Amino acid sequence: MGDVHFSREKAGKGVVLFFFWMQSLISLSCAARLSVSRQKLQVQNHLNRLNKPAVKTIQSPDGDIIDCVHLSRQPAFDHPFLKDHKIQMRPSYHPEGLFDENKVSDTEKPKKGSNPITQLWHMNGKCPDGTIPIRRTKEEDVLRASSVKRYGRKKHRAIPQPRSADPDLINESGHQHAIAYVEGDKYYGAKATINVWEPKIQQPNEFSLSQLWILGGSFGEDLNSIEAGWQVSPDLYGDNNTRLFTYWTSDAYQATGCYNLLCSGFIQINSAIAMGASISPVSAYRNSQYDISILVWKDPKEGHWWMQFGNDYVLGYWPSFLFSYLADSASMIEWGGEVVNSEPDGHHTSTQMGSGRFPEEGFGKSSYFRNIQVVDDSNNLKAPKGLGTFTEQSNCYDVQTGSNGDWGHYFYYGGPGKNPNCP
């Protein structure tokens, strides 16, 4: 009898335990479902904020959707300081001495790297006047980010610091550079013509970019930066296409700023060029070379920082109130390449910078920046004085400068990453 009583008691306890186990499973799955639906709601709200009502929609051959959004409905105007902002449709002043390549006959043009370049979505239509093209953000784009908040943002401390090549810092940030730079003066803009390639990326969380940096402040928590160029970033865009991009921050990538139009800040006025859209065609090894020209300068009258793409497209501006140091001027300009080295399998990444070839290979093989210039306090384009170079590991990615009549100041840069001398 005692045995029966004991087994009943045991069974009772078992039922209770089973009941508790089931209850905790249910509440766990409820919590998981709740967290998934909360994340879905967060993502949806973010998409609603970013994707503005379109006047017209264009499907790009690469899978992008380009929305033609009315000028006054663009993301910039979500910023509380821009509620009553009157859009400037053109800069008050343009840097003088701007070399106008359109005025040069074909026979006089530099033979090297001056082929026409466009964006893929142009094949399927164009945006009407009074609108701007915005690459639509999809749910999967946001879900690839570490969080909704971090979507469209660079990691903290992703800036090359030429004078502090401290190995600990290099490994900590995982970012590697091959750049040319000037410092020690007040700069009001920069220009470069950048060779366009499609570097191979080893890991989806890595990227490869080629850009110019306009920097103000220290490399601490208060760094101001305006950046523009081309990038391959599977994490940000979901593919390996080479894309035009811009970036800005006023606090060293902590809470302010973003890529392209993924937050309020940059005011676009141009209906032909979409930030973050694919560039086509790209250069091929020992074959046709393509390049893009980028100019960023500070309008002396209004104080805004303007950006021009090629000779014909003034894209828009970053209002000066976004910045502290750059509200006045820049203290450093950098041009060059950057990659993320996440050290997969404990080895250096094989993510390529530029063309994936070292500088000594030269034109048609290695990637270049040519006609690099700075804007001085009289709003004139000038050759950079005292051009320095910097790379963390020249066996992985390197940089070599030069100058001549056609290309002015130029440099070749880049490399393959992992190789016998860069394990």
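Here is a walk through this structure, from its sheet to its core, rings and disulfides.

Keep in mind that this is a predicted model, where local features need pLDDT of at least 70 and side-chain atom pairs count only at pLDDT 80 or more, while totals for chains, interfaces and linings use all residues. Residues are numbered from 1 along each chain as its sequence is written, and side-chain values use heavy atoms, with hydrogens and water left out.

Let's start with the sheet. Seven strands make an open sheet with antiparallel pairing, in the order β10-β9-β8-β7-β16-β5-β19. Strands here are DSSP runs of E, at least two residues, numbered from the N terminus, and two of them pair if DSSP finds at least two bridges between them. At the edges sit β10 (258-259) and β19 (388-391), each pairing on one side only.

Now find β8, residues 224-232. Nine of its nine residues are buried, so the strand is largely enclosed by the rest of the structure. Buried means under 20% relative accessible area, with exposed over 50% and partly exposed in between (1.4 Å probe, protein chains only). Asn224, Ile226, Ala228, Trp230 and Val232 point one way from β8, while Ser225, Glu227, Gly229 and Gln231 point the other way. Strand β7 (residues 208-216) runs antiparallel to β8 and is joined to it by nine bridges, with Ser208 opposite Val232. Strand β9 (residues 243-249) also pairs with β8 in the antiparallel sense, over seven bridges; there, Ala228 has Thr246 as its bridge partner.

Next, the core. In soluble globular proteins, nonpolar side chains tend to be buried together. A nonpolar core here is a set of buried Ala, Val, Leu, Ile, Met, Phe, Trp, Tyr and Cys residues joined through side-chain atoms within 4.5 Å. The largest one has 92 residues, and Ile214, Ile292, Ile294, Trp318 and Trp335 have the most contacts inside it. Apart from it lies another core, of seven residues, among them Ile58, Cys68, Trp121 and Ala274.

On to the rings. The structure holds 18 aromatic pairs. Rings of Phe, Tyr and Trp (its six-membered ring) pair if their centres lie within 6.5 Å; planes under 30 degrees apart count as stacked, over 60 as edge-to-face and the rest as tilted. Phe369 and Phe411 are a stacked pair, 4.8 Å centre to centre with 15° between the planes. This pair links distant parts of the chain, with Phe369 in β17 (residues 367-375) and Phe411 in β21 (residues 408-414), 42 residues apart. Both Phe369 and Phe411 are buried.

Cys396 lies in the loop between β19 and β20 (398-404) and Cys422 in the segment after β21, so the pair ties together parts 26 residues apart in sequence. Counting bonded cysteines along the chain, the pattern is 1-2, 3-4, 5-6.

Technical notes: Helices (H or I, at least four residues) and strands (E, at least two) are DSSP runs, numbered from the N terminus. A disulfide is a pair of cysteine sulfur atoms within 2.5 Å.
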